[in-house]
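Good morning, and thank you for joining. I would like to present strand pairing in one structure, which I now put on the screen.

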Amino acid sequence: MAFDIEMIKKVYSRYEERVNAARSLVNKPLTLSEKILYTHLWDGNATETYDRGVSYVDFAPDRVAMQDATAQMALLQFMQAGRPQAAVPSTVHCDHLIQAKEGAQVDLQRANTESKEVFNFLGSVANKYGIGFWKPGAGIIHQVVLENYAFPGGMMIGTDSHTVNAGGLGMLAIGVGGADACDVMAGLPWELKFPKLIGVKLTGKLSGWTSPKDVILKVAGILTVKGGTGAVVEYFGEGAQSMSCTGKGTICNMGAEIGATTSTFGYDESMERYLRATGRADVADAANAVKEHLTADAEVYANPELYFDQLIEINLSELEPSLNGPFTPDLYTPVSRMREEAAKNGWPTKVEWGLIGSCTNSSYEDLSRAASIAKQAVDKGLVTKAEFGINPGSEQVRYTADRDGLLKTFEDLNATIFTNACGPCIGMWDRVGAEKQEKNTIVHSFNRNFAKRADGNPNTFAFVASPEIVAAIAISGDLGFNPLTDTLTNANGEQVKLDPPTGDELPEKGFAVEDAGYQAPAEDGSAVAIDVDPNSDRLQLLEPFAAWEGTDLKGLRLLIKAKGKCTTDHISMAGPWLKYRGHLDNISNNMLIGAVNYFNEKTDSVKNQLTGEYGPVPATQRAYKAAGIGSIVVGDENYGEGSSREHAAMEPRHLGVRAVLVKSFARIHETNLKKQGMLGLTFADKDDYDKIQEDDVIDILGLTTFTPGQPLTLVLHHADGTEDQILANHTYNAQQIEWFKEGGALNIIRKNQVK
């Protein structure tokens with residue numbers, strides 16, 4: 001039986017009534033996305049219509065999911081909310097704090113030793129507050145959620161940007177910061193701007209070397225890393241129905257890379273097959289009873305241009321396998337053009353590593369298709385020219401793949417089987433030689449490929465592809481290798497060609513597992529004690545942030561004017577810094593160390609206006625804080641793109657940054673800033689970015705009359721005695737302005753609890 005089946009049945013029991021109420025109100029057919037949104041309104045049946053991209057709306061998500069790196073801060077905040085138990089079904093998954101180095105057994109044992117304090121903390125908090133706990137080695141959060149918790153038509157939030165993976169099972173699953181998760185677990189409504197809708201019509205059918213990964217790589221090439229911002233991407237058409245459930249999950253997963261709020265597919269037979277194969281026949285039966293409401297109304301898909309704000313059409317029969325990169329997941333290159341593009345751009349073509357796994361591509365189907373290429377290589381006398389690493393998505397997938405011989409096939413090619421965890425995808429990879437910072441190329445089936453992300457080396461050129469293309473290119477050792485047309489030389493000097501991959505959507509003998517790694521919480525957690533050592537360098541209890549002082553902010557120093565791409569990886573790096581995710585002061589020592597300073601083109605080097613000397617960003621900001629001086633961060637387009645990590649907002653808040661002023665924000669990061677009581681502002685005129693000078697002292701005026709829709713005025717006091725006044729826009733509504741005034745959303749929860 002499924003987890004939380006009674007909750008799922010309750011959701012379905014009200015579906016028809018709520019869909020009908022919404023359809024009657026808006027007086028038109030509904031998309032799937034609209035059905036899920038309207039059936040999860042906090043106030044019940046819809047009583048008003050909402051403007052896409054404009055209206056802020058309160059929702060009631062069905063569940064919360066957290067991974068260990070972000071769960072620490074989320075649960076540290078929840079512990080202050082004064083609630084005895086999580087108000088909705090919630091889970092914690094230990095997948096981020098396991099470094100890939102030697103192989104699964106050794107790496108997992110080392111992680112359990114090094115991060116024992118954190119794992120024990122998370123386990124005890126979960127036990128106390130009624131939260132399901134998935135132990136280290138149980139699997140990657142999004143694969144485990146897809147296997148156990150996702151259900152068609154549901155709404156879920158998660159403290160990871162790739163929570164959107166659950167759209168493969170027809171959910172609206174949305175990545176958030178820990179403060180949002182805290183609200184929902186505390187029984188409060190969750191606020192979201194009603195999203196715009198992008199429709200992607202898929203015609204034809206995938207075949208040969210082309211996979212679901214190639215669909216989202218193509219979409220990323222079309223929409224770019226910010227083209228989906230503020231929108232739900234809804235996939236439909238005959239091509240969508242011909243794909244597997246886990247393939248749909250892959251497409252939704254990488255929707256995070258186009259900035260989409262989330263992505264989803266309508267309920268179909270592939271989802272039903274997956275539910276039954278993963279032991280959730282009861283969910284499939286319940287979904288079947290309301291299946292007409294778990295997809296868009298027929299008129300929508302018949303005339304999609306009338307119902308979506310933007311429409312994209314992709315013919316899967318004509319789609320070509322591709323690789324996206326380097327350094328950004330939206331740089332699209334079909335495999336047939338890669339050799340030409342690499343030569344033109346100076347990309348190294350010798351491939352050092354091929355990596356398969358991550359939350360994007362670690363299902364049984366993914367491993368089976370990649371293994372079919374590996375088996376051909378063995379049978380045809382080929383050896384891999386690149387090193388090869390595999391991260392299974394869950395213990396259930398690993399156990400089943402091992403039973404069916406897939407892992408042995410990889411090992412026959414000298415592949416290293418890493419832990420069922422994120423590993424290299426999030427920078428948890430102790431790669432030999434990375435410290436030399438040599439120019440090199442890797443290919444992987446992950447979702448992101450920002451500079452330094454996988455191994456810390458800024459000169460690693462990382463390319464994103466499907467598992468089967470990764471396998472083929474790793475075997476060839478050549479970035480320009482096109483498996484559709486090219487041949488390879490085997491040990492006997494013969495020219496051999498790889499056949500297209502084959503694989504099983506679901507294991508023929510069914511899934512199997514001995515210990516999935518799940519720990520159920522105590523029935524009554526009131527007696528469970530949670531101890532945090534005050535001398536710990538891994539965990540630190542939170543102190544409330546100070547409330548706004550009630551005046552305009554004057555005399556702010558410019559901390560940094562970030563140039564170009566500034567993702568959450570640049571603002572708060574992962575990799576070795578993950579160990580400090582539960583200690584706000586310690587992890588604040590990585591604040592903005594990856595951002596490029598506009599004035600000297602360097603990272604982690606900014607001018608201290610108190611001394612005139614250049615130094616690290618965190619140390620400079622600590623000097624301002626010690627002197628009682630606030631500061632401001634200035635950024636470029638799509639600032640805060642990437643991970644949902646709220647540390648990228650909490651670190652500046654903790655160290656005394658008062659405002660972030662940019663050309664545009666990524667959605668989650670802007671929300672995280674608001675939740676922590678920060679000012680997130682955008683240039684009314686983007687050209688004003690050029691007016692910001694290195695020694696500027698900045699005033700922010702208009703805060704005493706801070707009002708939705710009304711810009712604020714910034715006065716730039718330049719070192720030469722001149723001034724510029726510029727306008728800054730914001731998207732704060734009345735409630736969010738209260739977050740700012742109170743010093744953060746959590747302070748309001750605390751205040752209400754005291755009352």
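Let me begin with strand E8, residues 196–203: six of its eight residues are buried, so E8 is largely enclosed by the rest of the structure. Buried here means under 20% relative accessible area, with exposed over 50% and partly exposed in between, using a 1.4 Å probe and protein chains only. Strands (E, at least two residues) and helices (H or I, at least four) are DSSP runs, numbered from the N terminus.

A word on provenance: this is a predicted model, in which local features need pLDDT of at least 70 and side-chain atom pairs count only at pLDDT 80 or more, while totals for chains, interfaces and linings use all residues. Residues are numbered from 1 along each chain as its sequence is written, and side-chain values use heavy atoms, with hydrogens and water left out.

Which strands pair with E8? One is E9, residues 231–236, parallel to E8 over six bridges; there, Ile198 faces Val233. Pairing requires that DSSP finds at least two bridges between two strands. Another is E11, residues 310–315, which runs parallel to E8 and is joined to it by six bridges, with Leu311 as the bridge partner of Gly199.

Between sheet and helix, E8, helix H9 (residues 212–223) and E9 form a right-handed β-α-β unit: with the strands pointing away from the viewer, the path from the first strand over the helix to the second runs clockwise.

I turn now to the barrel. Seven strands close it in the order E22-E25-E26-E27-E30-E29-E28, with mixed pairing. Within it, E25 (residues 631–635) and E26 (residues 657–662) are parallel over five bridges, and Val633 lies opposite Val660.
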